[in-house]
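This report describes one protein chain for a reader who has not seen it before. The sequence and the structure come first, and the description follows.

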Amino acid sequence: MDSIRQNKVNSLMQQELANIFLIEGRNYLPGGLIVGIGIGAAGFTSSDRRTVRFAPNIDWIDEPLAEHISALVDLPVVVENDANAAAWGEFTFGAGEDTDDLLLVTVGTGVGGGIVHHGQLYRGGFGIAAEIGHMRIVPDGVACGCGQRGCFEQYASGSALVRNARERVTNGDPGTAALKALADGDLSKITGPALTDLAHDGDVLSIELLAELGHRIGEGLAILASILAEASRASSASSHSARGRSFSWILSC
Ligand SMILES: [Zn+2]
């Protein structure tokens, strides 16, 4: 009985949130008209852009996201991988406006990628192309939510940065005084933004950890550039946040 009541409460909350979303959304649109909804989802999306096939960082398998959201808002819904959506956005309105070919790399909880090739978003045969966060760079390395070991995002993401910092404290490594003070007995207080603040304040270990992250990202980008953009003529950063939540790069060729 409790679970039935809980499901009913959850359904009501979801509907209420959808209603608020529609009201707020209409405020931003000319004429207040919403004709459809596009969702950038952090996972492998199906080629028909209805379903999240697999989302390593939020534990979804075959989630019919478009169907669920469409039932709440009574509008057409399209689901796209979040990095693909970002790549298309930058290609259409942002840093990639002056090129027909680009790779966008997002670095946050994981590492995502989106490729625009000859002016078209490249999805590959199954709709899941450019999942660059899951290219294996370290054989038998750190376990990844995708089931492999040694994936790029286990070394080049905000999550990797935080994990490395917490490990340094747990291991009692030298130079961790500022991180220990930050944690104050609770490792969850060591976050990406907090580490960035410490680095800005000159903490040597935080700077070292960020430099290590940058080195890992650079190594991955070099591999990708050699595959996709050997004749790369431009590399520009599109920084959405200087304080560590997420950021992205555009490589145009
Ligand atoms: Zn992986």
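## A hairpin and its neighbour

Strand 6 and strand 7 form a hairpin, with three residues between them. Helices (H or I, at least four residues) and strands (E, at least two) are DSSP runs, numbered from the N terminus. Two strands pair if DSSP finds at least two bridges between them. Strand 6 and strand 7 run antiparallel and are joined by six bridges. Leu102 stands opposite Val116 in strand 7.

Strand 7 also pairs with strand 8 (residues 120-121), in the antiparallel sense and over two bridges. Here the bridge partner of Val116 is Leu121 in strand 8. The hairpin of strand 7 and strand 8 has two residues between the strands, and His118 takes a positive phi near 50° in it. A residue is buried if 20 or more other C-beta atoms lie within 10 Å of its own, exposed if 12 or fewer, and partly exposed in between; C-beta atoms are placed from the backbone. Six of the seven residues of strand 7 are buried, so strand 7 is largely enclosed by the rest of the structure.

## The model and the chain

This is a predicted model, in which local features need pLDDT of at least 70 and side-chain atom pairs count only at pLDDT 80 or more, while totals for chains, interfaces and linings use all residues. Residues are numbered from 1 along each chain as its sequence is written.

The chain holds seven helices and 10 strands. It has 253 residues, of which 30% count as buried. Two residues are in contact if their C-beta atoms, placed from the backbone, lie within 7 Å. Among the contacts with a separation of 6 or more, 52% are between residues 24 or more positions apart.

## The nonpolar cores

A nonpolar core is a set of buried Ala, Val, Leu, Ile, Met, Phe, Trp, Tyr and Cys residues joined through C-beta atoms within 7 Å. The largest one has 35 residues, and those with the most contacts inside it are Ala87, Leu104, Val105, Ala156, Leu161 and Ala165. Two or more residues of this core come from each of helix 3 (82-93), strand 6 (102-107), strand 7 (111-117), helix 4 (158-170), helix 5 (177-183), helix 6 (192-200) and helix 7 (204-228). Another core, of six residues, lies apart from it; among its members are Val52, Ala55, Leu65 and Ala66.

Leaving aside neighbours within four places in sequence, Ala156 is in contact with Val107, Val111, Leu213, Arg216, Ile217 and Gly220.

Strand 3 (residues 52-55) pairs with strand 2 over two bridges, and strand 3 pairs with strand 4 over three bridges. Val52 of strand 3 is the bridge partner of Thr45, and the bridge partner of Val52 in strand 4 is Glu63.

The hairpin of strand 3 and strand 4 has four residues between the strands. Asp59 lies in this loop and has a positive phi near 60°, in a residue other than glycine. Asp59 is exposed, with 10 other C-beta atoms within 10 Å.

The expected span of a helix is 1.5 Å times one less than its number of residues. Helix 1 (residues 2-27) has 26 residues and reaches 38 Å from its first C-alpha to its last, close to the 38 Å expected. Helix 1 is hardly covered, since its count of buried residues is zero.

Helix 7 has 25 residues and reaches 35 Å, close to the 36 Å expected. Its buried residues include Leu205, Leu213, Ile217 and Leu224. The contact between helix 6 and helix 7 is made by Leu195, Leu198 and Ala199 of helix 6 and Ser206, Ile207, Leu209 and Leu210 of helix 7.

## Two buried loop residues

Asp101 is found in the loop between helix 3 and strand 6. Asp101 counts as buried, with 20 C-beta neighbours inside 10 Å. Its C-alpha atom is separated by 9.2 Å from that of Leu228, 127 residues apart along the chain.

Ala130 lies in the loop between strand 8 and helix 4. Ala130 is buried, with 23 other C-beta atoms within 10 Å, and has a positive phi near 70°.
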